[in-house]
Amino acid sequence: MSQITTKSVSDSSIEGHVYKVFPNDLNAHGTAFGGMIMAKCDRLSLVVAERHSGYVCVTASVDSIHFMAPAKENDTLIFKVSINRAWGSSMEVGVKVEAENSYTGDNKHILSAYFTFVALDENNKPAKVPSLITESAIQERRFQQAAVRREARLQTIEKLKSYES
């Protein structure tokens with residue numbers, strides 16, 4: 001499918017996807033249900049991974065999802081999603097979610113997460129993805145940090161294998 005060898009972060013990013021929090025989105029504490037936000041993060045990250053790779057992608061791992069603050073009823077969630085780094089057939093996608101009070105304009109960072117996706121070809125085999133071109137100092141920082149997270153992820157996998165019989 002994809003014949004492009006490099007793409008920039010902006011080629012696939014999602015800036016400012018919004019979701020209004022309604023009563024059916026709330027948990028027992030009256031704040032936005034974390035699982036609902038996580039599912040939206042996964043879906044939007046998938047779009048970014050598929051835009052970057054040009055292939056169908058699957059979620060391979062979620063390194064972390066950090067909830068920083070709650071979102072409340074009537075808040076508007078603002079999702080910012082972009083690829084941080086690409087390797088052979090895998091990509092790390094970073095997500096930042098903010099909650100905005102549409103009436104006061106107050107805005108707070110509520111979630112950060114890192115998803116890893118693998119691109120699959122028409123035979124469901126890993127497909128080579130384009131390398132990534134960063135366009136700003138922030139994108140370059142995220143690019144470098146992604147390598148640290150990947151190394152930690154791979155080391156954890158190796159350590160866990162030692163417990164298998």
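1. The buried residues of H2 are Gln 139, Phe 143, Ala 146, Arg 149 and Arg 153, where buried means under 20% relative accessible area, exposed over 50% and partly exposed in between (1.4 Å probe, protein chains only). This is a predicted model, in which local features need pLDDT of at least 70 and side-chain atom pairs count only at pLDDT 80 or more, while totals for chains, interfaces and linings use all residues. Residues are numbered from 1 along each chain as its sequence is written, and side-chain values use heavy atoms, with hydrogens and water left out.

2. Now for the helix as a whole. The buried residues of H2 pack against strand S3 (56-67), S4, S5, S6 and strand S7 (131-133); helices (H or I, at least four residues) and strands (E, at least two) are DSSP runs numbered from the N terminus. With 25 residues at 1.5 Å a residue, H2 should span 36 Å, and its end C-alpha atoms are 37 Å apart, which agrees. The expected span is 1.5 Å times one less than the number of residues.

3. Gln 139 belongs to helix H2 (residues 137-161) and has a relative accessible area of 16%, so it counts as buried. A polar atom of its side chain lies 2.6 Å from the backbone nitrogen of Glu 135. Leaving aside neighbours within four places in sequence, Gln 139 is in contact (heavy atoms within 4.5 Å) with Val 9 and Thr 134.

4. Ser 8 sits in strand S1 (residues 6-8), and its relative accessible area of 10% is why it is classed as buried. Although Ser 8 and Gln 139 are 131 residues apart along the chain, their C-alpha atoms are separated by 9.9 Å. Not counting residues up to four places away in sequence, Ser 8 touches Leu 132, Ile 133 and Glu 135.

5. Two arginines lie over rings: Arg 85 over the face of Phe 143, at 3.8 Å from the ring centre, and Arg 149 over the face of Tyr 114, at 3.7 Å. The criterion is NZ of Lys or CZ of Arg within 6 Å of the ring centre and within 35 degrees of the ring normal.

6. The structure holds one aromatic pair. Phe 115 and Phe 117 form this stacked pair, 6.3 Å centre to centre with 25° between the planes. Rings of Phe, Tyr and Trp (its six-membered ring) pair if their centres lie within 6.5 Å; planes under 30 degrees apart count as stacked, over 60 as edge-to-face and the rest as tilted. Both Phe 115 and Phe 117 are buried.

Technical notes
A polar contact is a pair of N or O atoms within 3.5 Å; within protein, one must be able to donate a hydrogen and the other to accept it, and residues adjacent in sequence count only if both atoms are side-chain atoms.
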